[in-house]
Amino acid sequence: MSSPNASVRLIDRALAPRFALLCLGIWLNAADTLVTATIMPSVARDIGGYQYFGWSVAAYLTGSIVAGACSGKLSLALGLRRATAFSGLVYAIGCAMSALAPAFVTFILGRLVQGLGAGAVVALCYVAISALFPERLWPRVYGAVATVWGAATLLGPTLGGLFAAAGFWRGAFWLFVAQAAIFVGAVMAMLPADKGDAARGRVPVPQLALLVLAVSLIGAAGVVASPHLAIGLAVGGALGMAAMLAVNARTPHRLLPRSAADLSSATGLGLLTIFATETAAIGFTVYGPAFIQTQHHASPLLAGYVVGAIAAGWTTCALLVGKVPAERDGRFVRLGALVILAGALASAWATPRGTLIETALAFAGLGAGFGLCHAFIARRAIAGAPADEQAMASGAVPTSQLIGGATGAAGAGAMANLLGFSHGIDPALAQSHGPLLFAAFTPLAVAGVLAAWRLGR
């Protein structure tokens with residue numbers, strides 16, 4: 001009798017509101033990137049700031065990294081209920097700042113605050129699963145919550161496209177303010193009260209400071225007038241990343257596993273593959289909608305769905321290979337990395353020069369590469385860590401992806417400005433210089449293939 005009851009517990013009257021609360025928290029983060037990517041051309045036309053395009057994504061992802069690293073400490077200090085409610089409030093404030101932004105610099109600041117709130121909300125929502133559901137239901141809840149990310153792939157571009165088509169891009173952020181307010185109220189009503197302990201846990205401040213500095217230097221390279229200064233800033237950003245890894249390996253309070261910089265280990269190779277491929281691919285999410293709208297006179301809604309093909313390809317292939325046994329990991333690690341490289345090259349040509357169908361197919365192929373290998377790269381990276389660091393390695397997988405996204409978004413913005421896209425996407429310039437903008441990050445995709453090849457042994 002207990003088995004049939006367990007199979008329907010997630011829709012029981014008592015547990016359904018708790019499940020809805022978790023879904024709403026995950027949704028706030030999952031939909032944000034696609035909604036914002038869809039409306040970004042409208043934002044830039046309204047308040048300017050094409051030269052800061054990449055920063056809109058980089059700021060959000062950097063905030064998410066910092067918040068994800070600090071969320072455990074926040075939960076210990078404030079208690080889970082207050083920490084989650086506070087994070088939701090921060091997210092709502094960030095959305096309101098973006099909605100009210102009179103200029104693009106203010107908008108970027110709002111995106112940073114959004115990232116801080118959303119990153120903490122997601123991390124704390126996963127922690128809340130253990131507080132809201134009995135242990136026997138945890139696997140079902142984790143699997144069901146994962147569908148929220150798939151739903152965001154479908155609904156995110158729709159929301160962004162509808163608001164952009166109506167000429168009211170600010171309304172998209174006001175909608176998220178309202179959702180965040182509902183989330184905060186539900187958290188206070190449904191999460192159990194608990195006391196914090198500020199003495200427990202420690203945030204890896206030096207690594208986070210170096211990471212923020214590195215991303216900022218890379219992004220700043222695109223908004224300075226001197227080419228020599230731009231090169232210097234980019235080099236400084238790369239050195240900042242190296243310094244972050246060096247400090248991380250020498251401190252007991254780490255952001256990443258100690259072996260993250262050790263390319264003789266499966267953990268180091270896996271995290272490098274994730275970082276490099278995400279850095280190489282994020283530019284299509286940042287600039288894809290603007291190029292598609294300009295080159296094809298497409299609506300924001302259509303452009304959003306074309307870019308959403310990346311997520312659709314990822315999700316579809318991930319489902320198809322989800323039950324591959326561990327002994328076949330290596331084949332899919334290598335195959336996926338090669339497909340990512342091929343998809344990135346095809347997308348670099350199709351985005352500025354191809355038809356809408358060709359662009360969508362190229363994006364779907366790029367996403368398919370991630371779907372084919374991401375889970376297996378993560379499995380090998382985690383399994384390759386020492387037993388006392390496997391939990392940290394699990395957290396390092398999404399952190400490495402976020403770091404790659406922030407770095408790639410900042411780099412894409414810098415490259416776009418150097419190529420003449422600082423004031424918008426000119427069709428003729430897009431034809432001639434567009435492929436270079438996206439192909440400039442191909443060497444990172446190649447580095448991902450090389451690391452994956454060794455990891456797949």
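Is Phe168 buried, partly exposed or exposed? I looked this up first. Phe168 is partly exposed, because its relative accessible area is 45%, where buried is under 20%, exposed over 50% and partly exposed in between (1.4 Å probe, protein chains only).

I noted the basis. This is a predicted model, in which local features need pLDDT of at least 70 and side-chain atom pairs pLDDT 80 or more, while totals for chains, interfaces and linings use all residues. Residues are numbered from 1 along each chain as its sequence is written, and side-chain values use heavy atoms, without hydrogens and water.

I then placed Phe168: it lies in the loop between helix H7 (138-165) and helix H8 (170-190). Helices are DSSP runs of H or I with at least four residues, numbered from the N terminus.

I checked aromatic pairs, meaning rings of Phe, Tyr and Trp (its six-membered ring) with centres within 6.5 Å; planes under 30 degrees apart are stacked, over 60 edge-to-face and the rest tilted. I found 15 such pairs. Phe163 and Phe168 have ring centres 6.5 Å apart and planes at 55 degrees, so I logged the pair as tilted. Tyr52, Trp55, Phe104, Phe107, Trp169 and Phe173 form one aromatic cluster.

I moved on to Thr442, in helix H17 (residues 442-455). Thr442 counts as buried because its relative accessibility is 12%. I listed its contacts (heavy atoms within 4.5 Å): leaving aside residues up to four places away in sequence, Thr442 touches Leu341 and Leu345.

Methods
Helix = DSSP H or I, 4+ residues; strand = E, 2+ residues; numbered from the N terminus.
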